Amino acid sequence: MLDAVIVGSGGAGLSAAIALREYTDNFLLITECNLGQSNTMMAQGGIQIAIGTNDSVEKHFNDSFSGGNYKNDKELLLLMVSKGIEILKWLNDLGMDFDKVDDTYDLKSCSGISEKRVLSKGTETGRAILKVLISRIKRNSIKINTKTSLKSISKKKTFFLLKTYNNGQETLMETKNVILCCGGKAKDFAKRHGLGTTNQHCSSFDFYPSLYGLNLKMRDEKSFQFHPACISLNGPLLGVPVPETLLSLGGIFLDKNGRKIADTDLKRDVLSKKIMNAIKNNIGVKDKFAYKSVYLDLSEVFDNCSQDALKPFKNFFKKLSYYGIEPKVDKIPVTPMVHYQNGGIVINTRCETSIPGIYAAGEITGGVHGTNRLMGNSLLDILVFGDFAGKTCGESIIKNTL
Ligand SMILES: Cc1cc2nc3c(=O)[nH]c(=O)nc-3n(C[C@H](O)[C@H](O)[C@H](O)COP(=O)(O)OP(=O)(O)OC[C@H]3O[C@@H](n4cnc5c(N)ncnc54)[C@H](O)[C@@H]3O)c2cc1C
């Protein structure tokens with residue numbers, strides 16, 4: 001009998017595994033595709049940590065609470081923002097650091113924040129974080145089953161029975177605890193509504209009916225976030241978002257008549273609505289490259305920003321060039337796409353769910369971000385709560401063996 005099964009190898013699952021390893025090695029991490037294949041891997045812009053001279057945990061809290069339309073679970077939010085510096089130190093200890101200019105963190109902005117607070121590693125921040133987490137996972141010899149998909153969870157008298165599939169083979173696992181870190185359902189929502197999405201393909205959602213069967217408490221389940229500006233070349237499904245740290249430098253959205261729809265610094269939900277309205281009212285753009293889009297004009301950014309300020313985006317610009325767009329001269333066709341699940345499983349500050357023995361962390365949970373997550377807050381969320389989920393589960397395993 002296993003002490004625990006952790007499901008998912010994004011930032012939340014890997015952080016949970018690193019924390020749990022301090023208590024037991026009798027656990028297994030299962031993940032749908034390869035180790036680390038996840039939305040975390042795709043995270044671009046960065047992570048919010050209140051480290052700037054004029055910044056504070058209070059400001060971070062207030063920005064996120066207002067960003068979340070005041071629907072956030074205040075206790076979870078406060079816990080998350082107050083752990084920022086600790087997480088930065090932890091990542092440093094694991095061997096990762098963020099972009100600096102002259103030895104000082106190059107703090108960036110994004111919509112909805114009152115101080116520059118976003119730490120990034122080029123436009124590949126998620127990948128850089130995962131690299132050090134995976135290296136620690138390997139060093140700690142944590143048992144992993146890749147290409148293994150969770151299909152259902154059922155509760156027996158003293159344990160949980162997990163039905164999983166590995167290469168088409170059904171496998172049953174008996175475990176005393178489960179930590180769910182499977183990420184969000186944005187891909188599923190997009191598929192059901194015929195929409196484009198920014199999310200990766202390595203997720204499946206067949207286990208949800210079994211969670212409802214267990215009466216696992218959920219919240220804000222219908223609240224999904226659209227990323228307002230996703231490249232919509234060659235149909236709706238390319239799904240590459242324009243990094244919000246780039247949008248924070250300026251730019252405007254234009255309709256097909258060249259009239260301004262909005263500036264780039266509005267909150268994600270507000271901006272997405274404005275762009276969707278333009279498309280609905282037929283003033284959006286539709287040509288051989290663009291799919292139901294509007295134009296993003298970044299000329300102001302290129303006119304006003306130094307080479308140094310644009311350096312972190314060089315890989316993103318390269319990607320655009322690959323698709324035949326030169327952002328310095330061309331307007332970029334963009335459209336809102338389903339990006340993030342705001343709601344999800346209800347947890348407390350110890351990542352316990354309404355069912356004892358089931359823990360959850362990361363995008364699969366609800367409450368931290370209310371009904372509109374600010375960019376950069378998810379990477380902080382998954383590291384803070386992934387760690388808590390592993391620790392809480394570990395403490396309960398020790399308690400129950402004494
Ligand atoms: C393109 C993009 C850019 C982003 N940029 C940023 C950013 O700059 N800053 C920021 O804060 N946030 C950003 N986000 C959001 C952020 O990356 C995610 O919300 C966060 O990484 C989620 O982490 P997670 O560990 O909860 O889930 P994920 O990273 O999605 O990991 C979920 C894991 O569970 C596995 N899994 C899923 N279903 C099953 C199953 N049935 N059985 C077994 N395994 C399963 C998946 O394969 C995966 O390994 C971005 C998201 C995207 C898509």
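Which residues does Phe253 touch, not counting residues up to four places away in sequence?

**View 1. Phe253 and its neighbours in a predicted model.** Not counting residues up to four places away in sequence, Phe253 touches Ile261, Ala262, Ile275, Val294, Tyr295 and Leu296, where contact means that C-beta atoms, placed from the backbone, lie within 7 Å. Phe253 is found in strand β14 (residues 252-254); helices (H or I, at least four residues) and strands (E, at least two) are DSSP runs, numbered from the N terminus. Phe253 counts as buried because 25 other C-beta atoms lie within 10 Å, the cut-off for buried being 20 or more. This is a predicted model, in which local features need pLDDT of at least 70 and side-chain atom pairs count only at pLDDT 80 or more, while totals for chains, interfaces and linings use all residues. Residues are numbered from 1 along each chain as its sequence is written.

**View 2. The packing of helices α1 and α14.** Helix α1 (residues 11-20) packs against helix α14 (residues 377-401) at an angle of about 35 degrees, with the axes 7 Å apart; axes are lines fitted to C-alpha atoms over the stretch in contact, and angles run from 0 to 180 degrees between N-to-C directions. Among the residues that make this contact are Gly13 and Ala17 of α1 and Phe385 and Gly390 of α14.

**View 3. The shell around the ligand.** Of the 44 residues around the ligand, Gly8, Gly10, Ser38, Gly183 and Gly362 come nearest, a residue being near if its C-beta atom, placed from the backbone, lies within 6 Å. Helix α14 gives the most to this shell, with four residues.

Conventions: Contact = placed C-beta atoms within 7 Å. Buried ≥ 20, exposed ≤ 12 C-beta atoms within 10 Å, placed from the backbone.
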